[in-house]
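Subject: Structure handover

Hello,

Here is the structure for you to open. My notes on it follow below.

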Amino acid sequence: MPPKSGHQRAKNVDYEEEDVYSDEYDEGEEQGGDGMTDEDREQMRIGTINVREALDPSVKVTDAQIQEALWHYYYDVGKSVSYLKNKFAPSQPKPESQSKKQKAASRFDQAANAAGTKVPTTPGKQTLKQAQKSTCNAPSLREMVGAPRQSMSASSIRLRALHTPCSADYMSAKATTFFWDTPWGNVPRHRLGPITVEPRYLGGGLLGGSSKLAALAAKRKQKQEEAASAAKAGDTKAETDKAVALLDKLSVKGKDPTPFIRGGVCEPQRRPVQRYPARKRSPSPPPAEPEVEEASLEPAQPAIEFLDLRAKPSMFASTLCGTEDQVRKRQKLEVSSFPLPYTTFQGYSEAKPFAGPSPDDIVLRAQARGAGHGTKAKPAHHKKATGEKLADSVEKLTVEETPKVKSKNLNVVEEFEKSGMKRMANFVVIGHVDHGKSTLMGRLLYDLKVIDQRSVDKLRKEAETIGKSSFALAWVMDQTSEERSRGVTVDIATNHFETEKTRFTILDAPGHKDFIPNMIAGASQADFAVLVIDAGTNSFESGLKGQTKEHALLVRSMGVQRLIVAVNKMDTVSWSQERFEEISQQMAAFLTAASFSAKSITFIPCAGLTGENVTRKAADPQADWYTGETLIEALDSSEPAKRNVSKPLRLTISDVFRGGITNPISISGRIDAGSLQVGDTILAMPSAEPATIKAIEVENEPVDWAVAGQIPVLHLADIDPVHLRLGDIVCDPKNPVKLVGEFTCKILAFEHVLPMAVDVFRGRLQAEGKVTRLVATLNKASGEVVKKHPRIVKPAEVARVVVQLERELPLEAGTRVVLREGGNTVAAGLLES
Amino acid sequence: MRLLKSQIDQKNGSGFATLLPEEPEDMWHAYNLIQPTDLLRARAIRRVSKTSDSGSVASQRIALDLTIAVTSTDFDIGSGQLHVAGRVASENEWVKLGSHHTLDLELNRKFTLEKGDGWDSVALEMLREACETERRAELWAVVMGEGIANICLITEHQTILRQRVEVPVPRKRKGGIDGHDKGMEKFFSTTLSTLLRHLDLSNKGINQDKTVPLLLASPGFVAQSFLAYIKDEATRATNKPLLALIPSILVAHSSGPHVHTLSEVLASPAITAKLSDTKYARETALMDKFMTLMRQDDGRAWYGPKEVEKAVEKGAVGRGGGVLMISNALFRAQNVAERKRWVTLVDRVREVEGGEVRVLSSLHESGKRLEGLGNVAAILTFPLEDLDEEEDEVENGAEGDGEEMVI
């Protein structure tokens, strides 16, 4: 309701404004036109009759009075009647004037006197028209009736009176004519107060010529008064509505505090008013400045206390507006200090805006509590909320501890089973340097249309410009400038492709000896491996001494069971079957010795550069002898490893990066066990810092959850990147990984193992440590102790050793580690404790 | 270290030596020399409180010469500070006998050391070594990998890790190559600025005419890239001291980004050819020789206190190639008997057997490798088997072919 009434008021103001203007400037002609339409007149006539009938005959009222009442009550007969009854029932006949103004005034002498205005009035022959038209008169009358405003209006009335004479007509008018229609009591506002001219008004003489300005100011005053009274006009007699109306009036003042200031200034001069009667006519223009800058005066100024100099309200006033106390209360609110904006709203008086914490406090507290978790609920505007509601809403404002990211609370394991997801498999491509791993994978992706022709053409062109055209396909995987200029894969490259049965993730490992740590990182994420072997003369042999062997041993010791051996570059040996079989035999012997089971090894001849037998059968007639499966078929037939979906979450961070503007911290890595979903809180070890998963991406597609075996990208929130390092383990906060500074492990030695400094590798994790004790050598098959405290562990022996770490690391029993020293893989180990 | 005065009786080793440490390295020597029960006299500042007749207590800091009987020593490797704690051994006006005091040895402030149980051969050797005035080799090395760099100062007797730089470098990923390149750029700039702070080129240029060689070592191409970066940066910023340094930068290959791979770097012929024959390089070479023999497993290389002692007893560490390698950590033993044990062993090898004794610095990588082997190892002149006590079990040759391994 408050806003509505406010709106209405605004409308009224507009309406009145027009009126005011016409009043001001057409003062002379005013008497001429009555501005009533025929309809109005008819209504007026009927209304007059009705009122007359309704009124007690004892009440002596003139038609004019009735009509005026009707006019102001908008032809509401009932209201008019009661108004007139009230007004005239105990009729005290004033002999010389029957004008309702005088009568009214007689009843409000008290009020008028209290206002300190004792203006000589002439017996006015105020016409009804005037009363009706001069919009300031009637409202001012009612203003007087509305007792609460007495003193205030008194001051403003004086002002108005000051200003009004500024108009040229008044200036020229004689004193007698000026007061000719002024009633004895209840002096119309524009007639009041010239007596109280202040010196400073005179001081404004320089600007005094600006009568227009003064007129404008006066108009504005008037407008406000009228707006207030107009708003009141529609009042019902209900107490509440009255209160609202009062408050409404307040609001008008709230918008323009200047009257109060002036009133305050005037106050001391109120009493001596009579001493300076001569002054009353002096046209004292108001100081222009305050008027002009009116708007800039903010209600927020410190409230100025005023002396309460008002007289007691009259009987009528009290009846109309409640008991004196009530009124006083309101008046205090009204006058004794500047009103705050919005105090007009009904709820304001009851509202206890400071009962609860302020919105700022709420927000601050919420921020402190939520530690960055934003509040979803906007803090309520205390100005609008009513007391109770506010308190309630404040209560509701408690910010929950839940993070921004809402968890869907999925049962990921179930979801995973339901989803009937395509088989997923990650495979690592291993082999000696320059055996064509990257090129083979580039070819695979190109033939499967994962990479489009255009990109490949572009790469080809680029490769040709630096004279390495054969590297074009490898560049699909090798993207850094370093890798391209040197023609060597440095770091693991990840890519995805899909066949009808399975979704594959390629982990293209570097073959170079120096980058074995990276290869280990890749192999630790893989389900199975593709070992690429160069069929070229000498290449195979050099590879077998080099990384072909080391890689194969590494993937095996990291738990990879299935191996596809791609005998590459068959085109260079003219698809010689003998060569292929020779390689196959040698490799099979070596691999079975490295405890790969023979049935899990597949040999496939292919040519990566030309793409034969990769996705399609070899077209070369020399390759007719081979009828087996192609590389892609072999990949498809691989049974992916089982996933520990229901175990507690373990994810090894293999990359920490900035995922974009919206995702400042992202990590990626393979989920070794368990599952996760958006909104989960995770714990990064060894920093033991919690983080929230904001979003998950698998193969560049946003998803809600991820399970073991997948290599998702997690966008994190609420963690600083310094707490995330490569090789750290992300785990379930309820089942955190323990940090160990020393562990016992069973190792398979590749080299001689002495108590010595070693690098410990676990996925991306790379740490310094040292073998402190050789506990025992063990039987390879049974695991029985063969020799206690051996002096040295020889290659291919199995031993139990104690490794001490430089810093504590998240390692668990059953974790596979690789021990390296001086660029050689010394041993692969399985953590025991 | 300058030997200002010494009065050491050759026969029983009694006497004292007055020493003046001149460089940070000397503190390390002092640390190795000063043993518990030794008497150390040095300038000290001590707060003395006096109670006047009226009972008021006035405390005052005064500088005085104090002699303490050492109870413990504390050496801070990073800052090269040595704190020697002990009890006052000679009373004076202010300090009572037996009250505790910790002497902070400082550079360019002399101290007098008197051995509690005489100067033994090892102590005398150390003293001699400490006072060698020949030019000391010094080398800065940066062992690095992608996103990790260890800045070390290698001196004659110690390898000091001055700073470890770790910058997260995003790995290469599809469409995110920028991240990797930017990360490397940031890593290089951080490493370079850190390195320059430690090298303090502007000061060095004035004080010393020699430029300290800088060794960059890494697996892969990181070191080369870093050198290229340094060159670019020096040219771009026309950093004259840095430009002057460039010719003395060596790039080497290491197998990893960790400090212990330095041993391998320094042992490589390419580096040893360029560097003077430092003690470090000699020690490293010796350790490598030992490791090779160990791998051959023919009983000519043994490690561990008991085994080595047995071998010495049997006269295997003698003339004609017998080498005893012992870490100086053993001589710093707080237990006097323990120290005596090792001194005796050294004396025996050197004087009785005629073998070679190498005291390896526990602060060098070679010393650390030795530490892993029990701080003492020996290369024997003839093979000895089964020096270790447990000879109960015989190697079990039965290995199930094709069976799943336990690992």
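Helices (H or I, at least four residues) and strands (E, at least two) are DSSP runs, numbered from the N terminus. This is a predicted model: local features need pLDDT of at least 70, side-chain atom pairs count only at pLDDT 80 or more, and totals for chains, interfaces and linings use all residues. Residues are numbered from 1 along each chain as its sequence is written, chains are lettered from A and ligands numbered from 1 in the order in which they are written, and side-chain values use heavy atoms, with hydrogens and water left out.

**Chain A: two loop-and-strand spots**

Start with A:Arg643. A:Arg643 sits in the loop between α31 (631-636) and β7 (650-652) of chain A. In sequence, A:Arg643 and A:Ala708 are 65 residues apart. In space, their C-alpha atoms are 5.7 Å apart. Contact means heavy atoms within 4.5 Å. Not counting residues up to four places away in sequence, A:Arg643 touches A:Phe416, A:Met424, A:Ala425, A:Asp527, A:Ala708, A:Gly709 and A:Gln710.

Next is A:Ile671, in strand β10 (residues 671-673) of chain A. Buried means under 20% relative accessible area, exposed over 50%, partly exposed in between (1.4 Å probe, protein chains only). A:Ile671 has 0% relative accessibility, so A:Ile671 counts as buried. A:Val707 lies 36 residues from A:Ile671 in sequence, and the two are 6.7 Å apart in space, C-alpha to C-alpha. Neighbours within four places in sequence aside, the contacts of A:Ile671 include A:Leu649, A:Leu651, A:Val707, A:Ala708, A:Gly709 and A:Gln710. A:Ala708, A:Gly709 and A:Gln710 also touch A:Arg643.

**Chain A: the sheet**

Strands of a sheet pair through backbone hydrogen bonds, either parallel or antiparallel. Here, two strands pair if DSSP finds at least two bridges between them. Chain A has an open sheet of six strands with mixed pairing. The order is β2-β3-β1-β4-β5-β6. β2 (493-498) and β6 (601-605) of chain A stand at the edges. Each has a single partner strand, so one side of each is left without a neighbour in the sheet. The twist averages 25 degrees from one strand to the next.

Look at one pair within this sheet. Strand β1 (residues 423-431) and strand β3 (residues 502-508) of chain A run parallel, paired over seven bridges. A:Met424 has A:Arg503 as its bridge partner in β3(A). A:Met424 is also one of the residues that A:Arg643 touches.

**Helix packing, one pair per chain**

Axes are lines fitted to C-alpha atoms, for helices over the stretch in contact, and angles run from 0 to 180 degrees between N-to-C directions. Angles under 35 degrees count as roughly parallel, over 145 as roughly antiparallel, 65 to 115 as roughly perpendicular and the rest as oblique. A crossing is left-handed if the near helix is turned anticlockwise from the far one by less than a right angle, and right-handed if clockwise. Ala, Val, Leu, Ile, Met, Phe, Trp, Tyr, Cys and Pro count as nonpolar, Asp, Glu, Lys and Arg as charged, and the others, Gly among them, as polar.

In chain A, helix α29 (residues 547-557) packs on helix α30 (residues 577-593) at an angle of about 40 degrees, with the axes 10 Å apart. That makes α29(A) oblique to α30(A). Their crossing is right-handed. A:Thr548, A:Lys549, A:Ala552 and A:Leu553 in α29(A) meet A:Met587, A:Phe590 and A:Leu591 in α30(A). The contact has five nonpolar, one polar and one charged residues.

In chain B, the axes of helix α10 (residues 305-313) and helix α11 (residues 336-353) come within 11 Å and cross at roughly 30 degrees. That makes α10(B) roughly parallel to α11(B). The crossing is left-handed. Residues of α10(B) in the contact include B:Val308 and B:Val312, and those of α11(B) include B:Trp342 and B:Leu345. The contact divides into six nonpolar, no polar and five charged residues.

**Chain B overall**

Chain B has twelve helices and 16 strands. Of its 407 residues, 50% are buried.

**Backbone points to check on screen**

Most residues other than glycine have a negative phi, and most peptide bonds are trans. The bond from A:Met685 to A:Pro686 is cis, with omega near 10 degrees. A:Pro686 is in the loop between β12 (681-685) and β13 (689-698) of chain A. A:Asp718 has a positive phi, near 60 degrees, and is partly exposed at 43% relative accessible area. B:Asn375 has a positive phi too, near 70 degrees. B:Asn375 is buried, at 14%.

Best wishes
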